[in-house]
Amino acid sequence: MSCVFGFDYGSRLLGVAVGNRFTGLARALAAIPVRDGEPDWQKLDALRQEWLPDTLVIGLPLTLEGEEQAASRGARRLAERLSERYRLPVALIDERHSSQEAAQRFADARAAGLKKRRDAATIDAEAAAVILERWLAQPIEPTAHGLSHP
């Protein structure tokens, strides 16, 4: 029970990453198409079945001032849909600057010869990994049933 999914919400693509509570690390999995506000549930269901995450973490797009915006409402809708569909705990976390960090990671990997230009399609999944790593880095809080992330 240490597998966690992270999501980078977008109106056209949903970045998905998988992380591990024990290592605190995450890695990009996929960029799933979104049509009419709905992710490709078949692809998302297949990833869930393969990895069996116990928690879902969604990046909340906020303005630079920390205020909600139209994309924030979309991320909140996604959180509700994921919670209803998978019956798993869902956490929202501030995702400000995650896309820039993901772009920098991609540029660094290209410079090191680890990624190619065609891999740019996975930048949304890399942003999901950044979001998930931020959540995993938060202090663990004690609960009545053990320890958990906020």
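The model is predicted, so local features need pLDDT of at least 70 and side-chain atom pairs count only at pLDDT 80 or more, while totals for chains, interfaces and linings use all residues. Residues are numbered from 1 along each chain as its sequence is written, and side-chain values use heavy atoms, with hydrogens and water left out.

Let's start with the layout. The chain has 4 helices and 8 strands; these are DSSP runs numbered from the N terminus, with helices being H or I of at least four residues and strands being E of at least two. Going along the sequence, the order reads β-β-β-β-α-β-α-β-α-α-β-β. Of the 150 residues, 41% count as buried (buried is under 20% relative accessible area, exposed over 50%, partly exposed in between, with a 1.4 Å probe and protein chains only). If you look at contacts (heavy atoms within 4.5 Å) with a separation of 6 or more, 59% of them join residues 24 or more positions apart.

Now for the inside. In soluble globular proteins, nonpolar side chains tend to be buried together. A nonpolar core here is a set of buried Ala, Val, Leu, Ile, Met, Phe, Trp, Tyr and Cys residues joined through side-chain atoms within 4.5 Å. The largest one has 22 residues, and Phe7, Leu14, Val16, Leu44 and Leu82 touch the most other members. Strand 1 (3-8), strand 2 (13-20), strand 3 (26-35), helix 1 (41-51), strand 5 (55-60) and helix 2 (70-86) each give two or more residues to this core. Helix 2 supplies the largest share, 5 residues. Another core lies apart from it, with 12 residues, among them Val4, Ala91, Ile93 and Trp135. Leaving out residues up to four places away in sequence, Val16 touches a list of residues including Phe5, Phe7, Leu44, Leu47, Ala125 and Ala128.

Ala125 and Ala128 bring us to helix 4, where both are buried. Helix 4 (residues 123-136) has 14 residues and spans 20 Å from its first C-alpha to its last, close to the 20 Å expected at 1.5 Å a residue; the expected span is 1.5 Å times one less than the number of residues. Because 11 of its 14 residues are buried, helix 4 is largely enclosed by the rest of the structure. Trp135 is one of the buried residues in helix 4.

Next, the backbone. Most residues other than glycine have a negative phi. Asp36 has a positive phi, near 55 degrees, and sits in the loop between strand 3 and strand 4 (38-39). Asp36 is exposed, at 81% relative accessible area. Arg87 also has a phi near 55 degrees, in the loop between helix 2 and strand 6 (90-94), and is exposed at 69%.

Finally, the charges. There are 4 salt bridges, each a side-chain nitrogen of Lys or Arg within 4 Å of a carboxyl oxygen of Asp or Glu. Asp54 and Arg21 form one of them (3.0 Å, N to O). Asp54 lies in the loop between helix 1 and strand 5 and Arg21 in the loop between strand 2 and strand 3, so the pair ties together parts that are 33 residues apart in sequence. Asp54 is buried at 13% relative accessible area, whereas Arg21 is partly exposed at 25%. Arg85 pairs with Asp45, their closest N and O atoms being 2.8 Å apart.
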